[in-house]
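Me: I have a structure to study and some questions about it. Can we take them in turn?

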Amino acid sequence: MHCLQGGWLALLAIISLVLPTAYGASLAVMSIDLGSEFMKIGIVKPGVPMEIVLNDESARKTSTIVALRNGERLFGSAAENTAVKFPKMAYWYLTQIIGKRFEDPHVEMYRKRFPYYNIIKDEVRGTPLFKVDDETTYSPEELLAMVLEKAKSSAEAFADTPISDAVITVPSYFTQAERRAVREAAEMVGINVLQLISDNVAVALNYGVFRRKMFNSTTQYYMFYDAGATSTSATIIGYQMVKVKEGDRVETYPQLSVKGVGFDKSLGGLEMTLRLREHLAKLFNAQKKTKTDVFTNDRAMGKLFKEANRLKKVLSANTEHMAQVEGLLEDIDFKAKVTRDEFEEMNKDLFERVLKPIEDALKTSHVTLPEITDVILMGGGTRVPKMQDMLLKYIKRDVLGKSINTDEAAALGAVYHAAELGKGFKVKKFLIKDACHYPIVVEFEKQTAETTEDKPKVVKRTLFGRMNPYPQKKVMTFNKHVKDFSFNVTYGDLSFLSAEDLKSFPDHLIHTYHLKGVEEALKKHAEKAESKGVKAHFRMDEDGILHLDKVEFVFEKEGEAEESTWSKLGDTISGLFGGKDKKEEEKKPATDETAQEIPADEEKKKDETTEKPAEEKKVDDNKTDKKDTEKADNTTKTENKTEEVKPKVLVIKEDIVAENVSFDIPPIPADKFKASKKRLTDLTAKDKEKKLLEKAKNDLEAFVYDMGDKIHDEDHQKCSTETEREELSKMLSDAGEWMYEQEEDAKKEVFQNKLKELKKAVKDLKHRVKELIERPKALEALNSMLNHSEYFLVSVKNLTLGEDPMFTEVEANTLEKLINESYQWLESMTKEQNLTPLTEKPKMLVEDIAIKYQALDREVKYLINKAKIYRPKAKPKTSKNTTSTNDTKTNDTKTESSTGDDKSAKSDKDEGPQLDVPETETKAPKRRPKSKRGEEKTEGEEEILQLDESDKQEKSQDTTDKTKDTDDTVTHDSSDL
């Protein structure tokens, strides 16, 4: 708990809002941790650094499920209940089949696990489709889009602001097609995907953000073991501080890099739940309480699936537990005891596969177990005791890392990254280097100038090797191709996959690109320029999706030898003011943002050279940066000293047309995508209309019951007759019956109009009751105001006298008249109200009482405000008394000990009228004349005053009585008002 509190405090310092010129609602961003069984949603908005969204049931995670029943969409718990009663109408675990071909073994496994789904093949794309009825089908992308839309609406409701930008997590082993499918699903419902981030990377980011001070330039390795609902993976992450050049500065930031990954796509909690369900079904059949086989009843199997899921969690903390299902089949209850040993025995073969992902991750990363700082657990499957025991035994440690929230770490890490990518927030940078899991190769036929009858040789070049970091750009150069040609982009060596996973790649071919215009470009520039080859610019973006940005034929030729004097002068001035020199730009080394060039036509031996480990590359890159920077500085100095004339090289680029023939799962066609988007929009509008209808029904029902109870309470009985109450009771009773007689497809306006009719019928009664309840309080407030106003009037009249009055007689008379009129009105209306029955419209209204109160309050406040700004007129100065200075000082001391009554008397006599204001108000300081108070005065004897005449004497008194200045101000109490 202490760690979490410290983490949140650290996060408040990490994330700060960049105040925009126009405060907009689009500042908020969200993350969606898209698990196969549950999804978690995180948000960042102004004033909220990072928070997990609560759904409609106030839960922090929501089932990744959508149910379609009777034209209605259900999500969360409601959809789970539908999955029990009507399994074929609820769709979940959609990430298991999205972006896959119909023949994929994982799709076949999905059909076996959930045999009640009617899954057909999409003949256009070759992907699975869910057939709802004879006319309706849904693709996995459409169903997943519904789930994502629900996540979006939950985030918006929680944040109370529109949100469209999101970072979505996906399993790290997702292929190109699967990642594109998730993006398409998000775009269908208006979600702007900032990035698809691997779930293991999101967890590693969340772990590192709160521990950035632990990292240094030496790489620290951590293992994240994730046992989820449908898959298990192990990831080796390296943390280190790296230097990054930003403009003219070199900044140091923490960075996480994926060093190795191992995974098992079918090892997860779902398989354990299904096996436990089969066990429970066999136990029920063995009891022979029904003639029907429980395996043939989908609803009964749905109930057993829910109970098996609950039982699995309980057995993680208990050695045995009783499984119970009421009315499982033919109203027969089921009850049976299951032990943890039985559970582990039925999943024995699954537990044997627990360590394989760790072995693969270590092998890929070339990191040994002793080098691992800690092994961090994530995913619900890691709560299984047997799995924890196996992990402890393998890694030979006493404890496993449990310092992160296994349910929410991915969502929090993703939303932190979303805040960094968003436009409205500034966060401390934490660099991410994900890794490519499936190597990508470019293959082409070797082309020479001579034509031969032999079959051309096929050349393969690795474009992105396994565990290559991304995002990254690469340029492949074809130097010896002089005619139009084609090349293929395929998956490389996939031997590291299991035999089952290899079946998902029946053909490694992804794309075939046909290049046109090569020969024409060569003929156009061959005589005047030197060919530098055809360059294909590839890019693997932040989502892990490969793109071919452009293909161009590059030529170079020598231009004019000298530059003009004005050109040189312009370059020099540009350099002085920070402009970039063209020669310096050409000499910059390749970085992550600069494309790495791969020669395609070199010998095979050169291509087969092994790549350097990531750490060595990083060191080499840093050295290269330093050398290149020094060279650039030296070059600039040399150019200023010497004026050697070098031939200028002009680069000519001709764009080449690249026609793409995709052999991967094609994206959704534009017309179908548009139709799917419209269908989802219509469903959303229908859901909104349904909510409004439910609200109208609930409002009407609540009013009928509420008013039916109120008309019999004491206040309503006083304000209504027996006949009136009987009529209202009958009207409310009829309305209740009418409501349940309406058709299911009735519009919301019908119920809203009925509610208006009832409210109109009881309007007068409710008004009389309201007046009865509120009138005493209003009268009490008015009487209190009248009492205070009368006391205030006495003071006001006293302060209208004298040469310098604070108030005028007109003001005093106005207040007096208002008080008298209020008393007269109150007396007359009270008599009329006492003569009026409570069952009739009241004569004295609360609104009228409030008007009288406000009139008095306004007049009194006006006079008080005038008193606050009142300043008495200045008095003419009197002649200086002959009393000595020493006597004055003595009198000053005695004056301090005088009573408050003497002060008031002096103030009234010498300074004119004074009005005491409330104690909370600030009084203007005023100097009081000094007096001789040494002896007791006889009646009628005047007090001798020593007045200050000159500034010099005043300064002298201030210096002498510096500590007594506060006693020389005129103070007031509330006796005057």
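What follows is a set of questions and answers on this predicted model.

Me: Does Thr 290 count as buried or exposed?
Reply: Thr 290 sits in the loop between α7 (269-287) and α8 (298-314). Buried means under 20% relative accessible area. The relative accessibility of Thr 290 is 15%, so Thr 290 counts as buried.

Me: Which backbone oxygen does the side chain of Thr 290 reach?
Reply: Set aside residues up to four places away in sequence, and Thr 290 touches Phe 284, Leu 329, Glu 330 and Ile 332. Its side chain also reaches a backbone oxygen at 3.2 Å. That oxygen belongs to Thr 292.

Me: How far apart are the end C-alpha atoms of α7?
Reply: Helix α7 has 19 residues. At 1.5 Å a residue, α7 should span 27 Å. The end C-alpha atoms agree with that, being apart by 27 Å.

Me: Which residue with a positive phi follows α7?
Reply: The buried residues of α7 include Leu 280, Ala 281 and Phe 284. After the helix comes a residue with phi near 50°. This residue is Lys 288.

Me: Are α24 and α25 roughly parallel or roughly antiparallel?
Reply: Two packed helices are described by the angle between their axes and the distance between the axes. Helix α24 (residues 763-798) and helix α25 (residues 809-835) have axes 10 Å apart, at an angle of about 155°. Angles over 145 degrees count as roughly antiparallel. So α24 and α25 are roughly antiparallel.

Me: What is the handedness of the crossing of α24 and α25?
Reply: On the α24 side, the contact residues include Leu 779, Leu 782 and Phe 792. On the α25 side, they include Leu 815, Tyr 823 and Trp 825. The crossing of these two helices is left-handed.

Me: How far apart in space are Tyr 253 and Leu 431, C-alpha to C-alpha?
Reply: Tyr 253 lies in strand β16 (residues 249-264). Leaving aside neighbours within four places in sequence, its contacts include Lys 429 and Leu 431. Tyr 253 and Leu 431 are 178 residues apart in sequence. In space, C-alpha to C-alpha, they are apart by 7.0 Å.

Me: Which side chain makes a polar contact with the side chain of Tyr 253?
Reply: Tyr 253 is buried, with a relative accessible area of 14%. Its side chain has a polar contact at 3.0 Å. The partner is the side chain of Glu 246.

Me: How many of the 10 residues of helix α11 are buried?
Reply: Helix α11 covers residues 356-365 and is largely enclosed by the rest of the structure. Its buried residues pack against β14 (220-227), β15 (232-246), β16, β19 (372-378) and α12 (385-395). Pro 357, Ile 358 and Asp 360 are among them. The count of buried residues in α11 is 7.

Me: Is Asp 331 buried or exposed?
Reply: Asp 331 is found in the loop between β17 (320-329) and β18 (332-339). Phi of Asp 331 is positive, near 60°. Exposed means over 50% relative accessible area. At 73%, Asp 331 is exposed.

Me: Is the peptide bond from Tyr 470 to Pro 471 cis or trans?
Reply: Most peptide bonds are trans. Pro 471 has its place in the loop between β24 (469-470) and β25 (472-478). Omega for the bond from Tyr 470 to Pro 471 is near 10°, and the bond is cis.

Technical notes: Residues are numbered from 1 along each chain as its sequence is written. This is a predicted model: local features need pLDDT of at least 70, side-chain atom pairs count only at pLDDT 80 or more; totals for chains, interfaces and linings use all residues. Side-chain values use heavy atoms; hydrogens and water are left out. Helices (H or I, at least four residues) and strands (E, at least two) are DSSP runs, numbered from the N terminus. Buried means under 20% relative accessible area, exposed over 50%, partly exposed in between (1.4 Å probe, protein chains only). A polar contact is a pair of N or O atoms within 3.5 Å; within protein, one must be able to donate a hydrogen and the other to accept it, and residues adjacent in sequence count only if both atoms are side-chain atoms. Contact means heavy atoms within 4.5 Å. The expected span of a helix is 1.5 Å times one less than its number of residues. Axes are lines fitted to C-alpha atoms, for helices over the stretch in contact, and angles run from 0 to 180 degrees between N-to-C directions. Angles under 35 degrees count as roughly parallel, over 145 as roughly antiparallel, 65 to 115 as roughly perpendicular and the rest as oblique. A crossing is left-handed if the near helix is turned anticlockwise from the far one by less than a right angle, and right-handed if clockwise.
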